[in-house]
Amino acid sequence: MYTPKPGAAPLPRMIAAQAALETKMLLRNGEQLLLTVVIPTLLLVLFSTVDIVDTGAGEAVDFLAPGILALAVMSTAFTGQAIATGFERRYGVLKRLASSPLPRWGLMTAKTLSVLVTEVLQVVLLTVIAFALGWSPQGNPVAVLLLLILGTAAFSGLGLLMAGTLKAEATLAAANLVFLLLLVGGGVIVPLDKFPAGAQDVLGVLPISALSDGLRDVLQHGAGMPWADLGILAVWAVVGLAAAGKFFRWE
């Protein structure tokens, strides 16, 4: 006879199940899809085919594709995660999940895995579209991977910090505002050298600028490891994750 053995499932299985649930919820959310898929895709196609912004010598898509990849990372790891987590906190979802057998760090790990899965889908889709538009990437794929990982860590920390300290409505407004501001001033579509010298110094240390410039140096110019950009992203990742871990409120 089979003897019942009540208890929690193994931790890796719980994390995997929660990550799968988080990913399904994100992909079924129309607003999230607009933010993470539709907007980056439209920007890539529009600015690659219509001469709106002076992107310098060469094909426009060669300049734009790395910046749009950076935007995709920010839209998922920062904006989307901040808004979703903020409202989960408001409605008591996080509090209930925190009382389940899944530990709090396991829940955050599941959220991170969901972000990574979504980013993989974004990168694949945007890469296919960029190739169709004539993109000719160069450089070291290892450097690209490191930039994407550190960029994800940096934006995740900042997104969780915002979601865990502000009210849900404030998080919604602030996350969308930051998204729009960094879209314009983060080197995604408009080159940083189009801004005044003083502004360039400030904008250059933002995580979106470091990620877009680093990806552009590698994929457009064939540079090696962009250590300066990796360093900026690493600092933002450490500061953001540490601050989120200290100040995040679960209710």
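Angles under 35 degrees count as roughly parallel, and angles over 145 as roughly antiparallel. The model treated in these exercises is predicted.

**Exercise 1. Find the relative direction of helix 6 and helix 10, and describe their contact.**

Solution. 
- Step 1: Take the geometry. Helix 6 packs against helix 10 (residues 227–247) at an angle of about 30°, and the axes are 7 Å apart.
- Step 2: Apply the cut-off. Helix 6 and helix 10 are therefore roughly parallel to each other.
- Step 3: The crossing of helix 6 with helix 10 is left-handed.
- Step 4: Locate the contact. From helix 6 the residues include Leu-146, Leu-150, Gly-157 and Leu-161. Among their partners in helix 10 are Leu-230, Trp-236, Gly-240 and Phe-247.
- Step 5: Sort by class. The contact of helix 6 with helix 10 holds 17 nonpolar, 5 polar and 1 charged residues.

**Exercise 2. Describe how helix 3 packs against helix 9.**

Solution. 
- Step 1: The angle between helix 3 and helix 9 (residues 207–219) is about 140°, and the axes lie 8 Å apart.
- Step 2: Helix 3 and helix 9 form a right-handed crossing.
- Step 3: On helix 3, the contact uses Phe-63, Leu-69 and Met-74, among others. On helix 9, Ile-208, Leu-211 and Arg-216 are among the residues involved.
- Step 4: The class count for helix 3 with helix 9 is 11 nonpolar, 2 polar and 1 charged.

**Exercise 3. Characterise the largest pocket: volume, centre, lining.**

Solution. 
- Step 1: The volume of the largest pocket is about 510 Å³.
- Step 2: Its lining has 22 residues, and Asn-29, Gln-32, Gly-80, Ile-83 and Ala-84 are the closest to the centre.
- Step 3: Trace the lining to helices. Helix 1 (11–28), helix 2, helix 3, helix 5 (104–132) and helix 7 (168–185) each give at least two residues.
- Step 4: Helix 3 supplies the largest share, 8 residues.
- Step 5: The lining of the largest pocket splits into 10 nonpolar, 8 polar and 4 charged residues.
- Step 6: Link back to Exercise 2. Gln-32 and Gly-80 also belong to the contact of helix 2 with helix 3.

**Exercise 4. Characterise the second largest pocket in the same terms.**

Solution. 
- Step 1: The second largest pocket has a volume of about 320 Å³.
- Step 2: Of its 17 lining residues, Glu-119, Val-123, Val-144, Leu-145 and Leu-148 lie nearest the centre.
- Step 3: At least two lining residues come from each of helix 3, helix 5 and helix 6 (141–165).
- Step 4: By class, the second largest pocket is lined by 14 nonpolar, 2 polar and 1 charged residues.

Technical notes
Residues are numbered from 1 along each chain as its sequence is written. This is a predicted model: local features need pLDDT of at least 70, side-chain atom pairs count only at pLDDT 80 or more; totals for chains, interfaces and linings use all residues. Side-chain values use heavy atoms; hydrogens and water are left out. Contact means heavy atoms within 4.5 Å. Helices (H or I, at least four residues) and strands (E, at least two) are DSSP runs, numbered from the N terminus. On a 1 Å grid over the protein atoms alone, a cavity is a set of points where a 1.4 Å probe fits but cannot get out, and a pocket is an open set with protein on both sides within 12 Å along at least five of seven lines; lining residues have an atom within 4 Å of a point. Grid points are joined across faces, edges and corners, and a volume is the space filled by probe spheres set on the points. Ala, Val, Leu, Ile, Met, Phe, Trp, Tyr, Cys and Pro count as nonpolar, Asp, Glu, Lys and Arg as charged, and the others, Gly among them, as polar. Axes are lines fitted to C-alpha atoms, for helices over the stretch in contact, and angles run from 0 to 180 degrees between N-to-C directions. Angles under 35 degrees count as roughly parallel, over 145 as roughly antiparallel, 65 to 115 as roughly perpendicular and the rest as oblique. A crossing is left-handed if the near helix is turned anticlockwise from the far one by less than a right angle, and right-handed if clockwise.
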